[in-house]
Amino acid sequence: MASKTKPDATTTKSEARIGIPADCRIADVGDLHRQLREAVDAPQIVLDGAAVERVDTAALQLLVVFQREVAKRGKQMNWAGVSAPLHDAASQLGLAQTLALPAKQPA
Amino acid sequence: MSTISVTQFHKVFFEESLEGLDAMETALLALDEGGDAELVHSIFRAAHSIKGGAATFGFPEMAAFTHEAESLLDQVREGRRAIDKPIIELMLRTVDCLRGMFERAQGGQPLADASSEELKRQLAAAVGREVPAPTAKVAAKPAASNGWSIKFRPHAGMLAGGNDPLRLLRELAALGQLVVEAQLDRVPTLDALDPSECHLGWHLTLTGAATREAIASVFEWVEDECDLSIEPLVAAAPPPAPAVETDAAPAGAGAAAGTTRSAAASSNDAGSVRVGIDKIDSLIDLVGELVITQAMLDQFREDFDPSRLSMLQEGLAQLARHTRSLQESVMGIRMLPIGSVFNRFPRLVRDLSQKLGKQVKLELVGEHTELDKTVLEKIGDPLVHLVRNAIDHGLEIPEKRRAAGKGDVGTLRLEASHRGGSIVVEIVDDGAGLNREAIINKALQKGLIKSAEGISDEEVGELIFQPGFSTAAVTTDLSGRGVGMDVVRRNVVDLGGNVAIKSRPGNGTTFTITLPLTLAIIDGLSAGVGDECYIVPLVSIVESIQLPAEAVRSVTGGGELFRFRDEYLPIVRLHQQFGCATARQKIEEGLVIVVEADGNRVGLFVDELIGQQQAVVKSLEANYRRVDGISGATILADGSVALIVDVAGIIRLQARRKAA
């Protein structure tokens with residue numbers, strides 16, 4: 001949780017940048033699951049959760065699984081933005097640390 | 001004497017004491033409504049015998065506790081102290097506390113706990129004795145601010161079922177300070193993950209004054225969909241353990257005691273039935289009659305003279321009559337008055353109405369109606385749910401009632417009666433009725449219905465019985481008590497009964513529970529079909545008729561209809577249904593029995609009616625396997641087996657065939 005957004009990481013070509021949709025709940029997590037599976041082998045992974053308005057346990061579970069998968073491959077998942085609802089939900093479920101969410105509203 | 005173990009008497013002591021406590025409670029409630037001094041004596045006597053028994057049978061804590069209550073009652077009895085509301089309240093809590101002690105005694109646990117010690121101090125303080133503890137005031141809250149350790153692991157399908165742990169955790173967080181620790185040990189790999197399944201679990205620590213009930217109610221809708229354990233935090237010293245806290249006392253404690261009590265009761269279910277001596281006497285009489293009849297018939301064995309045929313016939317008729325009475329009496333032993341269930345309601349209503357600031361008059365009608373013991377034991381909880389709902393959601397607060405042009409005091413009537421072969425229990429309130437709009441909105445939101453259009457009032461009533469329909473947001477208060485109406489219905493249906501609801505907007509709601517009289521014997525009409533004999537339960541028969549061939553119309557798709565009064569009913573040919581080869585085929589040669597179940601009617605075509613008889617129901621499933629359209633079997637007089645027709649099942653099959 002110390003250093004997350006490396007400024008140069010976001011500019012690399014081989015970066016996978018995934019935007020999490022505003023309504024990210026069980027009915028729609030299939031799409032995100034597919035995107036994440038495609039992204040997991042990219043050298044750089046950036047998740048953008050700035051737009052998230054509604055999120056549920058299914059979506060957060062998916063993110064946790066993804067995070068563990070990324071960590072297993074010795075890489076790091078970076079957050080480009082985390083909306084307040086996303087942050088609140090993750091904290092409520094005790095997953096904020098696992099997901100390495102920035103303290104609150106990153107720069 | 002010393003060789004006799006007193007433990008063998010414990011059970012009797014418990015039973016008698018619990019009855020004594022019930023009597024105490026009833027008397028206290030009567031006092032609360034301005035009863036006379038004689039009641040104080042009966043309360044005192046009950047407390048006194050519990051104290052004596054507790055000391056004799058080796059429960060010193062209970063004896064010491066009851067002693068304090070007795071001292072207080074003694075002062076009242078001798079007129080040294082007026083009986084007032086606080087004392088009645090205190091004594092009611094004493095009754096609850098003693099019930100808790102008995103439960104723990106039955107479970108072999110230590111009797112005293114923090115709340116009992118606290119109550120003992122309060123009793124002593126009321127008596128005016130020196131109090132051995134710092135908190136002497138009645139309003140003292142116990143140091144119950146410890147908390148709960150909750151282990152919560154949803155089953156995989158919980159998310160897909162529409163229940164989000166996120167929402168549950170948020171609700172928990174509202175009850176106190178919640179520390180969340182997610183369990184990731186069962187999380188699969190990204191490729192193996194089905195994102196709609198839940199693989200997470202949580203260890204939660206909730207600190208604050210939340211009750212176990214409040215926590216359990218958060219999980220009420222998902223209890224079948226997760227593994228859940230709620231334990232008091234063990235960090236604190238042993239005495240202030242799961243503490244029934246005094247501030248949430250009356251309703252909460254009473255209800256908690258109620259649930260655990262029934263659990264304890266069911267665990268040693270093989271228990272006993274107390275039977276009135278009059279019932280035993282009538283049994284002995286009947287057996288005496290049987291012996292006489294048997295002696296009379298015995299004469300004919302020696303020398304039978306055809307001229308005495310009429311005597312033989314009379315003797316046999318007598319034998320039949322006595323056997324039937326004997327059977328009824330023996331069944332009657334299992335029958336207990338529903339009053340034993342109704343008795344718990346005055347207290348519940350009093351506590352609940354006080355808590356909610358409503359004025360409720362409770363009317364109990366038909367307490368002497370008798371029900372099978374098994375049915376009786378299982379109907380208690382559904383009734384409690386319905387009564388609670390009626391007071392919480394049905395009846396309005398005095399201001400609203402006045403605004404609606406009604407008196408301040410709401411009426412809640414519980415009425416039990418015999419109706420045909422069933423027992424009907426009605427819960428009637430004169431409150432606001434169902435809030436149609438709120439229910440429809442909630443149902444739309446929950447996705448139970450597609451649109452609000454064309455929904456009849458009956459269908460609205462049905463909605464509240466749907467699983468997952470929480471009334472919590474629809475209704476005003478008693479948060480988290482949005483009681484599972486689907487559970488109520490399930491319990492009643494398990495007993496072979498049904499629940500119906502009727503709402504009169506502005507004038508109240510009526511819940512009608514219909515229960516079978518007994519589960520073991522039915523009255524039936526035996527009908528011949530080919531070489532077989534089937535029993536049709538008498539309760540479902542409307543009438544039987546002989547139809548001319550032209551009265552029956554064939555319809556496309558192979559069905560047959562006939563006109564009965566003002567409606568057309570389908571005909572179900574039992575010989576086709578059950579594959580009886582030699583049965584009569586022509587409608588005019590046989591009979592049609594019009595039967596009804598769940599409001600639907602069909603005509604059963606049989607060869608002939610044989611007669612009315614009682615059938616002792618034997619389970620087909622236990623002895624063979626389940627067969628559609630058959631509810632059980634019975635043994636006929638000639639020793640052959642007859643199958644009992646499941647009318648509701650036949651109608652369902654018929655409807656399915658029609659749909660196909």
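Buried residues account for 40% of the 107 residues in chain A; buried here means 20 or more other C-beta atoms within 10 Å of the residue's own, exposed means 12 or fewer, and partly exposed lies in between, with C-beta atoms placed from the backbone. Keep in mind that this is a predicted model, where local features need pLDDT of at least 70, side-chain atom pairs count only at pLDDT 80 or more, and totals for chains, interfaces and linings use all residues. Residues are numbered from 1 along each chain as its sequence is written, while chains are lettered from A and ligands numbered from 1 in the order in which they are written.

**Chain A**

Chain A has 3 helices and 5 strands. These are DSSP runs numbered from the N terminus, with helices being H or I over at least four residues and strands being E over at least two. Walk along the sequence and you get β-β-α-β-β-α-β-α. As for contacts in chain A between residues at least 6 apart in sequence, 82% of them link residues at least 24 apart. A contact means that two C-beta atoms, placed from the backbone, lie within 7 Å.

Now for the sheet. In chain A, 3 strands make an open sheet in the order β1-β3-β5, with parallel pairing. The edges are taken by β1 (15-19) and β5 (77-82) of chain A, each with a single partner strand, so one side of each has no neighbour in the sheet. On average, neighbouring strands of this sheet are turned by 20° against each other, direction ignored. Pairing, by the way, takes at least two DSSP bridges between two strands. β1(A) and β3 (residues 44-49) of chain A have 5 bridges in the parallel sense. Across that pair, A:Ala16 sits opposite A:Ile45 in β3(A).

Two of the helices also pack together. Helix α1 (residues 29-39) and helix α2 (residues 57-72) of chain A meet at an angle of about 10°, and their axes are 10 Å apart. That makes α1(A) roughly parallel to α2(A); the cut-offs are under 35 degrees for roughly parallel, over 145 for roughly antiparallel, 65 to 115 for roughly perpendicular, and oblique for the rest. Axes are lines fitted to C-alpha atoms, for helices over the stretch in contact, and angles run from 0 to 180 degrees between N-to-C directions. From α1(A), the residues A:Val29, A:Leu32, A:His33 and A:Leu36 meet A:Ala58, A:Ala59, A:Leu62 and A:Phe66 of α2(A). Sorted by class, this helix contact has 7 nonpolar residues, 1 polar and no charged ones. Nonpolar covers Ala, Val, Leu, Ile, Met, Phe, Trp, Tyr, Cys and Pro, charged covers Asp, Glu, Lys and Arg, and the others, Gly among them, are polar.

**Where the chains meet**

The contact takes 23 residues from chain A and 23 residues from chain B. On the side of chain B that touches chain A, α6 (165-173) and β2 (177-183) of chain B each supply at least two residues. α6(B) gives the most, with 5 residues. By class, that side of chain B splits into 16 nonpolar, 3 polar and 4 charged residues.

β2(B) is joined to β3 (residues 201-207) of chain B by 7 bridges, and the two run antiparallel. In this pair B:Ala182 faces B:Trp202 in β3(B).

**Single residues worth a look**

Most residues other than glycine have a negative phi.

B:His48 lies in helix α2 (residues 38-56) of chain B. With 17 C-beta neighbours inside 10 Å, B:His48 counts as partly exposed.
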